[in-house]
Amino acid sequence: MKFVTFKDSTGSGAGLLDETGTKVLPLKAALEKMEGKSELPATLKECIALGDKFIDKVHSLTDWLSSNPAREELFHPLSSVALEAPIPRPDKNIFCVGKNYAEHAIEMGSKEDIPEHIMVFTKSPTTVIGPDATVLNHKNVTAELDYEGELAVVIGKKGRAIPKEKALEHIFGYTIINDVTARDLQSRHKQFFIGKSLDATCPMGPWIVHSSAVENPDQLDIQTKVNGEIRQSSNTENFIFPIDEIISVLSKGMTLEPGDIIATGTPAGVGKGFKPPRFLKPGDKVEITVENIGTLTNFIEK
């Protein structure tokens, strides 16, 4: 199941992408049609917080639709709506794991930069934009805007001190993030937050794939293209810290909640890693593809 946040002439809502990838089912309206009423929340973030109750509702809805072909009119063509980030405004900063691929740690420094312990920084909620949206170039703030393609985890079940063997049970699903970074600001401030948190520098989407559809998140191909040229190509099996460990470590003394987002790190091939560096330019097209998830496409402001 692929869950989206879509926008049409009536506003935004939570939707389900059909199996062909060409139509969106507005969940609240469809449940109202099926049950005569719907207590489903308006936003996907709130739906996720319902846990298994939400997924059970969706299963009931899809079973009802499959036995009632005439209900096809409930779907909207994907071309008639705009997809937003699945969670357009997270409640918290986005958790980001730094240097989680050895080759990326080396390209940013040397073998000595491969971390022994998980590195975590955050991005502000105001960074989030959706698929096909424009990444602001902030030309008056930075001259070194860089891309970082990443698999992201969306938490679905609240927890603290989550053991590794239970960690994957706390995941609602997976999406894609481009952790766009102002490298000069990152270097200047000796911290990651400012360089990572410029407005409109965290494209996310195009949807959240439910965890039931991803057998092993630690074994997915990931690729980033800039203007059609492959810059990053790896597999999440190359994580230094796998997803269950990330969740366990983050939750040791901090509660993870439904809707929390964790970006799991970027592989080698970022612009700063080239000699000379190859930073993003106005008008560039960035495409990030993760196996079994999809492709997130965005453009740099001209």
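Let's start at helix α8, where Ile243, Ile246, Ile247, Ser248 and Leu250 are buried. Keep in mind that this is a predicted model. Residues three or four places apart in an α-helix point the same way, because the helix has 3.6 residues a turn. So what sits over the buried residues of α8? The cover includes the strands β6 (94–98), β7 (119–123), β11, β12 and β17, along with helix α5 (164–167).

Among the buried residues of α8, serine 248 deserves a look of its own. The helix around serine 248 runs over residues 243–250. Serine 248 has a relative accessible area of 11%, so it counts as buried, the cut-off being under 20%. Which residues does it touch, once neighbours within four places in sequence are set aside? Serine 248 is in contact with Ile162, Pro163 and Lys164.

Now move to β11, one of the elements covering α8. Seven of the seven residues of this strand (residues 149–155) are buried, so β11 is largely enclosed by the rest of the structure. Take the strand face by face: Gly149, Leu151, Val153 and Ile155 are buried on one side, and Glu150, Ala152 and Val154 are buried on the other.

What about the strands that pair with β11? With β12 (residues 171–178), β11 pairs in the antiparallel sense over seven bridges.

On to the pockets. The largest has a volume of about 350 Å³. Its lining is made up of 15 residues, and Leu16, Leu17, Asp18, Glu19 and Thr62 lie nearest the centre. Both β2 (11–17) and α3 (52–66) supply at least two residues of that lining, with α3 giving the largest share, four residues. By class, the lining of the largest pocket has eight nonpolar, four polar and three charged residues.

The second largest pocket holds about 260 Å³ of space. It is lined by 18 residues, and Lys99, Met108, Arg183, Gln186 and Phe192 are the closest to its centre. We meet β6 again here: β6 and α6 (183–189) each supply at least two residues of the lining. The largest share, three residues, comes from α6. How does this lining divide by class? The second largest pocket has eight charged, six polar and four nonpolar residues in its lining.

Notes. Residues numbered from 1 in each chain as written. Predicted model: local features only at pLDDT ≥ 70, side-chain atom pairs only at ≥ 80, totals over all residues. Heavy atoms only, no water. Buried < 20%, exposed > 50% of the residue type's maximum accessible area, 1.4 Å probe, protein only. Contact = heavy atoms within 4.5 Å. Pairing = 2+ DSSP bridges. 1 Å grid on protein atoms, 1.4 Å probe; cavity = no way out; pocket = protein on both sides within 12 Å on 5 of 7 lines; lining within 4 Å. Points joined across faces, edges and corners; volume = space filled by probe spheres on them. Nonpolar A, V, L, I, M, F, W, Y, C, P; charged D, E, K, R; others polar.
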